[in-house]
Amino acid sequence: MEGIAALIVQAIAGMVGGGVAGQLVKTVGMAVLPKLLSGAIGGILGGSAIGAILGGGDPTAAADAATAAGGMDIGALIGQLLGGAAGGGVLTAIVGQFLGKK
């Protein structure tokens with residue numbers, strides 16, 4: 001269950017990052033649903049990539065270690081949030097460049 005929670009955190013952070021990227025980059029002429037979908041996908045990819053780089057590539061292992069220690073791993077949560085937001089923003093900006101052109 002903790003692995004699924006990590007993916008949900010990454011997806012939500014990606015949606016937020018995608019929404020922010022859509023507002024900042026005016027050439028991203030996309031509707032709300034494509035922004036949210038690309039943000040969620042980018043968030044999961046970005047959060048997983050940052051987790052792998054920082055040594056927490058397996059979200060279930062990090063969650064199991066935190067549960068065994070009796071708490072929540074705040075460092076892993078912050079990494080998932082930042083990686084998810086960055087990944088969502090980047091993928092939304094890239095997708096927006098293709099969908100926004102007419």
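Predicted model: local features only at pLDDT ≥ 70, side-chain atom pairs only at ≥ 80, totals over all residues.
User: Okay. And what's the secondary structure made of?

Analyst: Four helices and zero strands. Going along the sequence, the pattern reads α-α-α-α.

User: How much of the chain is buried?

Analyst: Of the 102 residues in the protein chain, 32% are buried.

User: Which residues does UniProt mark as "transmembrane region"?

Analyst: The UniProt entry, which is unreviewed, puts that annotation on residues 6-24, 36-54 and 74-99. In the model, residues 36-54 are 95% helix and 0% strand, and the C-alpha atoms at the ends of that span are 26 Å apart. Residues 74-99 come out at 100% helix and 0% strand.

User: Residues 74-99, what helix is that?

Analyst: That's helix 4, with 26 residues. From its first C-alpha to its last, helix 4 reaches 37 Å, close to the 38 Å expected at 1.5 Å a residue.

User: What about helix 2, how does its span agree with what it should be?

Analyst: Helix 2 covers residues 32-53, so 22 residues, and at 1.5 Å a residue it should span 32 Å. Its end C-alpha atoms are 31 Å apart, which agrees.

User: Which residues are buried in helix 2?

Analyst: Lys 35, Ser 38 and Ala 40 are among them, along with Gly 39, Gly 42, Gly 43, Gly 46, Gly 47 and Gly 51.

User: And in helix 4, which ones are buried?

Analyst: The buried residues there are Gln 80, Thr 92, and the glycines Gly 79, Gly 83, Gly 84, Gly 87, Gly 88, Gly 89 and Gly 96.

User: Pick Gly 83. What is it in contact with?

Analyst: Setting aside neighbours within four places in sequence, Gly 83 is in contact with Gly 43, Gly 46, Gly 47 and Ile 50. Take Ile 50: Gly 83 is 33 residues away from it in sequence, but their C-alpha atoms are 5.5 Å apart in space.

User: Why does Gly 83 count as buried?

Analyst: Because its relative accessible area is 4%, and the cut-off for buried is under 20%.

User: Switching to helix 1. Is Gln 10 buried or exposed?

Analyst: Buried, because its relative accessibility is 2%. Gln 10 sits in helix 1, which runs over residues 2-24.

User: Which residues form the nonpolar patch on the surface?

Analyst: Ile 4, Ile 8, Ile 12, Met 15, Val 16, Val 20, Leu 24, Val 32 and Leu 36, with about 830 Å² of accessible area together. Helix 1 and helix 2 are the elements that give two or more residues to the patch. Helix 1 gives the most, with seven residues.

User: Val 20 is on that list. Why is Val 20 called partly exposed?

Analyst: Because its relative accessibility is 44%, while exposed needs over 50%.

User: Last one: Leu 45, buried or exposed?

Analyst: Exposed, because its relative accessibility is 57%.

Terms used: Residues numbered from 1 in each chain as written. Heavy atoms only, no water. Buried < 20%, exposed > 50% of the residue type's maximum accessible area, 1.4 Å probe, protein only. UniProt positions renumbered as here; feature names shortened; annotations may be inferred. Expected span 1.5 Å × (residues − 1). Patch = residues over 30% accessible without salt bridge, like charges linked within 9 Å, V, L, I, M, F, W, Y side chains within 5 Å. Areas by Shrake-Rupley, 256 points an atom, 1.4 Å probe, with all protein chains shown as cover. Salt bridge = Lys/Arg side-chain N within 4 Å of Asp/Glu carboxyl O. Contact = heavy atoms within 4.5 Å.
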